[in-house]
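Me: I've just opened this one and I'm new to it. Could you walk me through it, one question at a time?

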Amino acid sequence: MKAIRRLHVRTVLPETLAPLHQLALNLRWSWHPPTLDLFESIDPQKWQLCRREPLTMLSLLSPAELERLAGDAEFVQRVQEAGAGLDRYLTQDRWYQRAAQDSTEAFGSAYAYFSPEFGLTAALPQYSGGLGILAGDHLKSASDLGVPIVGIGLFYKSGYFRQRLNAEGWQQESYPVLDPDDLPLALLREPDGTPSVISLAMPGGSRLDAYVWRAQVGRVPLLLLDSDVETNDASKRDLTDRLYGGGGDQRLQQEMLLGIGGVRALRLWSRLTGAPEPDVYHMNEGHAGFQGLERISELTQSAGLSFDEALRTVRASTVFTTHTPVPAGIDRFGVNQMAQHFGGSAQLPGVALSRLLQLGAENYEGGDANVFNMAVMGLRLGQRANGVSQLHGEVSRGMFKGLWPGFDQAEVPIGSITNGVHAGTWVDRKVFDLASEFINGDVLGSGGPWGHVDEVPTDRIWATKRELREQLVAETRDRLRKSMRARGSTSAELGWIEDVLDPDILTIGFARRVPTYKRLTLMLRDPERLAKILLDEERPVQLVIAGKAHPADDTGKRLIQEMVRFTDDPKLRHRIVFLPNYDIAMAQRLYPGCDVWLNNPLRPFEACGTSGMKAALNGALNLSILDGWWDEWFDGENGWAIPTADGVDDDRRDELEASALYDLLENNVVPTFYDTDEAGLPTRWLEMITHTLGTLGPKVMADRMVQDYTQNLYLPAARAGWAVSENDHAGARDLAASVERIRAGWPSVRVEHLDAEGVSDTPQVGESVRVHAYVALGDLAPQDVTVQVAFGRASETDELTDVELSVLQHVDSYDGGKHRFDGELELSRTGSLGWTVRVLPAHPLLASDAELGLVTNPF
Ligand SMILES: *Cc1c(COP(=O)(O)O)cnc(C)c1O
């Protein structure tokens, strides 16, 4: 029978057990083992049945069971204590509050964090891969540190997709529908109890309505917009159905809801709860860029600012993080499509279409005039921007340097903060248990146990690694059995699965999304050589592989099929396995069970990568191309670097890099793993593990990342935002007027003449030179500019590197808008050096030399 209506009946808890509801609704349980233990202790069998999700667990309890529990004094006591523990976690001062007390400067009271996906727990599948997991980890660490973030995203009823394989090994997608009432989510409601709705204008005079769900991530609220509202027509109701579902208009409208709707949801949140308005708006990738347009529109309407003044205000308080050097990973919409959505009756008040289009225009060399680029808009809307590893920062500066013509690549104002991972989520309990046995203090706390790993005996580390491998072996067989059944095998044919993997064999993991640059099948380049490595009698190797291809990506699906066919070979299938449906739940078992984590992307397309960090925190060693985070933190002792073959064609490159991978496996990885002492311990391997945990551990923590964001970006952006806004936006008005004046006057700026005094024929280190620069400024005043002398190493073509900059002082003015600037140049270095002078715009509210993209060099 089929139901004609659904209704949701919530469990009513006896009063003494009331804290269970709070504990189940707050996602802190996803990284708090004692809370999970409490729920498990209610009924361990049901706990497995409900896939270890507290809210589902509660819904499975009958009134009789609840009554029994309420009569169990010891259980009631534990519930009360757990409830009080959560309250303390939510209200106590943490790192951020202590830092604020120790500082003489003001701290922000709220930071908005926009992301198209959030990976928090397997129970809330609102992510496709690394970007979402990172966003989830960001919120969790912000909670642990007390950083007052509010997350903004979309609620996708059908999430991303569930992956299965057919008999031929071809990826099949299904979209199980989530019922938000069964999830740890609460609908935002008006004081009278009706659901709150936010609305957006859409093309053709229509309107899009959305509900707002709140998930609570420890101390951090996460607001998720959902277009499945009765007042929308069918296509609008489906707008947020799937993550990265349709292309074209659906994608654009999802992003409008995320950005514009997201700001409206924040205003709603403040109105309903009295929460402070955010001081800073952080865009995790360009998808949420429209948040800036909505805020510009608000400012033009509420404060009477012009578009330019509002833009200056928004820029000051916006942080943009770019996440990919892969062009296909950047959203670009057609200019006509944009006009349809942001012109005419759909126009945002105060945001003229022409001004909006300029923000995303690729008006630089190599750009496409018919395209609106969301990353470019992100950079134009954010005064502060960053990539997600040092190498990615560098690559991004190269990629976007066209936006700052006249500046060296190194000066492009895109910095970097290397990603991190949330230890409480990703480190296996067995690892924490082992750490607490030997290490005093809070092993789950901010610093983690990493600094004290030397205190743990290596034989115990080795024993724990075996347990983790055992856990992975059991999980793999289980998943493989289900997958083979779904692919058409009968139970009678599956006896071989009992021999798949072995807890005493070197275990290598490889799991990630399957875009081409990640090269899933690189290891299959020479199938015989790989088979030989796997099947070695004395020193065998086993491989566990997983990954989803985007539903529209047939190339990715073909790679998966190639891999699955290889793993189907009866001669190999006990040593190499492909597991379908890579997700958080699988990842949490997979990383700890691996000895080696393999990553072989095409450098430099892996912006950072985080799976290797999660593996490292569980005592795995990385074997990876020097890309993303590994390029920065590989130190020769914490794993292996697969050399990159630059400057050859792609096929040759794959050939060379695959061959280097096999070489490393055969000559380094495998022998080290199997080189054991009398006690059976691989001493060198264990040294590498302890070194990895001790040195890499603290760096790869998301706590370190969120502290970096807070100190280097959020606090400066909050202060910049206050500076432009105070006194009725006096700063923004002045900055906008100055920028307009400076831009108009810039064509007349010229360096007319340079003079150096005190240069001897044979200059020696320690001497100084007096520099005079005669500069024509037209109508601009000396205060409108900074004149700098740049001093550095000079190449044969006179290119300067290792540049030091110092400012020349205005000393005199002459008729016709000419001025003299003087300064001292210290010859602090030896060798072949050179210097030059340049003129830049100046204003106290600009954040970097390159901000306006204006510079005048002497020639
Ligand atoms: C960590 C993680 C990722 C991202 O891994 P990368 O190394 O960045 O590719 C993707 N999916 C899941 C389930 C993860 O846990």
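Predicted model: local features only at pLDDT ≥ 70, side-chain atom pairs only at ≥ 80, totals over all residues.

Me: Okay, zooming out. How many helices and strands does the protein have?
Reply: The C-alpha trace spans about 95 × 70 × 50 Å along the principal axes of the protein. Within the protein, the count is 27 helices and 28 strands.

Me: What is the radius of gyration of the protein?
Reply: The globule rule gives 29 Å for 859 residues. The protein comes out close to that, so it is as compact as a globular protein of that length. Its radius of gyration is 29 Å.

Me: What percentage of the residues in the protein is buried?
Reply: A residue is called buried when its relative accessible area is under 20%. The protein has 859 residues in total. Of these, the buried ones make up 56%.

Me: And the contacts: what share comes from residues 24 or more positions apart?
Reply: Here we look at contacts in the protein with a separation of 6 or more. Among those, the share that comes from residues 24 or more positions apart is 72%.

Me: How far apart do the centres of the positive and negative side chains lie?
Reply: There are 83 positive side chains in the protein and 119 negative ones.

Me: Which domains is the protein divided into, and how far apart are the C-alpha centres of domain 2 and domain 3?
Reply: The division gives domain 1 (15-91), domain 2 (95-416), domain 3 (435-696) and domain 4 (749-859). Domain 2 and domain 3 do meet: 35 residues of domain 2 are in contact with 36 residues of domain 3. Between their C-alpha centres, the distance is 33 Å.

Me: Now some single residues. Is Phe-39 buried or exposed?
Reply: Phe-39 lies in helix α2 (residues 33-42). Leaving aside neighbours within four places in sequence, Phe-39 is in contact with several residues, including Leu-20, Leu-23, Trp-47 and Met-57. Its relative accessibility is 0%, so Phe-39 counts as buried.

Me: Which residues does Gly-83 touch, not counting residues up to four places away in sequence?
Reply: Gly-83 is part of helix α6 (residues 73-91). It counts as buried because its relative accessibility is 13%. With those sequence neighbours left out, Gly-83 touches Pro-19 and Leu-23.

Me: Is Glu-15 buried or exposed?
Reply: Glu-15 is found in the segment before α1 (19-25). The cut-off for exposed is over 50% relative accessible area. Glu-15 has 74% relative accessibility, so it counts as exposed.

Me: I see Arg-51 has a positive phi. What is the value?
Reply: Arg-51 lies in the loop between α3 (44-49) and α4 (54-59). At 62% relative accessibility, Arg-51 counts as exposed. This is a residue other than glycine, and its phi is near 50 degrees.

Me: Asn-581 also has a positive phi. Is Asn-581 buried or exposed?
Reply: You'll find Asn-581 in the loop between β19 (576-579) and α22 (584-593). Its phi is near 65 degrees, in a residue other than glycine. Asn-581 has a relative accessible area of 15%, so it is buried.

Me: Last one: how far apart are the C-alpha atoms of Gln-216 and Leu-185?
Reply: Gln-216 has its place in strand β9 (residues 206-217), and at 18% relative accessibility it counts as buried. Leaving aside neighbours within four places in sequence, the contacts of Gln-216 are Leu-25, Asn-26, Leu-27 and Pro-221. Gln-216 and Leu-185 are 31 residues apart along the chain, and their C-alpha atoms are separated by 7.6 Å.

Technical notes. Residues numbered from 1 in each chain as written. Heavy atoms only, no water. Helix = DSSP H or I, 4+ residues; strand = E, 2+ residues; numbered from the N terminus. Rg over C-alpha atoms; globule rule 2.2 N^0.38 Å. Buried < 20%, exposed > 50% of the residue type's maximum accessible area, 1.4 Å probe, protein only. Contact = heavy atoms within 4.5 Å. Lys, Arg positive; Asp, Glu negative; His and termini not counted. Charge placed at Lys NZ, Arg CZ, Asp CG, Glu CD. Domains from an automatic or database assignment.
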